[in-house]
Amino acid sequence: MSDHDFSTREEGDVLLEEEIKEPRRYKVLLHNDDYTSMDFVVSVLMEIFRKNREQAMTIMLSVHEKGVGVCGIYTAEVAETKVARVHARARTKGFPLRCSMEEV
């Protein structure tokens, strides 16, 4: 907020609930390719996104069958970090796994 947003307020005023904006949220998506193994995708989902095996399998199957799967919804900074971690892990294993984020 800029300084002029508070020009009519005095020190100690409390922000009203409607004046507080929630941070933007982003879906983190995994995209299907013909090379990344299903086991690797499941391990990424469990380790980076903290999914249990059943959740990871469900998301992996969505990626495999629909071309994309939602890994979770996060604030921008968290989403960016998770995307970067997926890409770094995939590169070290030689997989072209693609991960992206889009605003909810």
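Helices and strands are taken here as DSSP runs, numbered from the N terminus. On this basis the chain, a predicted model, contains 3 helices and 3 strands, and its elements follow the order β-α-α-β-α-β from the N terminus on. Of the 104 residues, 31% count as buried. The chain exposes about 7,400 Å², of which carbon and sulfur atoms supply 50%. Among contacts between residues at least 6 apart in sequence, 70% join residues at least 24 apart.

The 3 strands form an open sheet in the order 2-1-3, with antiparallel pairing. Strand 2 and strand 3 (98-103) are the edge strands, each pairing on one side only. Direction ignored, neighbouring strands of the sheet are turned by 25° against each other on average. Strand 1 and strand 2 run antiparallel and are joined by 7 bridges; Val-28 has Gly-72 in strand 2 as its bridge partner. Two helices are described as packing on this sheet. Helix 2 touches strand 1 and strand 2, and its direction makes about 125° with that of strand 2. Helix 3 touches strand 1, strand 2 and strand 3, at about 165° to the direction of strand 3.

The largest nonpolar core holds 23 residues, of which Val-28, Leu-30, Leu-45, Phe-49, Val-86 and Leu-97 touch the most other members. Two or more residues each are given to this core by strand 1 (25-31), helix 1 (38-47), helix 2 (53-66), strand 2 (68-75) and helix 3 (76-93). Neighbours within four places in sequence aside, Leu-97 is in contact with Leu-30, His-31, Asp-33, Thr-36, Phe-40, Val-41, Val-86, His-87 and Ala-90.

Note on methods:
Residues are numbered from 1 along each chain as its sequence is written. This is a predicted model: local features need pLDDT of at least 70, side-chain atom pairs count only at pLDDT 80 or more; totals for chains, interfaces and linings use all residues. Side-chain values use heavy atoms; hydrogens and water are left out. A nonpolar core is a set of buried Ala, Val, Leu, Ile, Met, Phe, Trp, Tyr and Cys residues joined through side-chain atoms within 4.5 Å. Buried means under 20% relative accessible area, exposed over 50%, partly exposed in between (1.4 Å probe, protein chains only). Helices (H or I, at least four residues) and strands (E, at least two) are DSSP runs, numbered from the N terminus. Contact means heavy atoms within 4.5 Å. Accessible areas come from the Shrake-Rupley method with a 1.4 Å probe; for residues, only the protein chains shown count as cover. Two strands pair if DSSP finds at least two bridges between them. Axes are lines fitted to C-alpha atoms, for helices over the stretch in contact, and angles run from 0 to 180 degrees between N-to-C directions.
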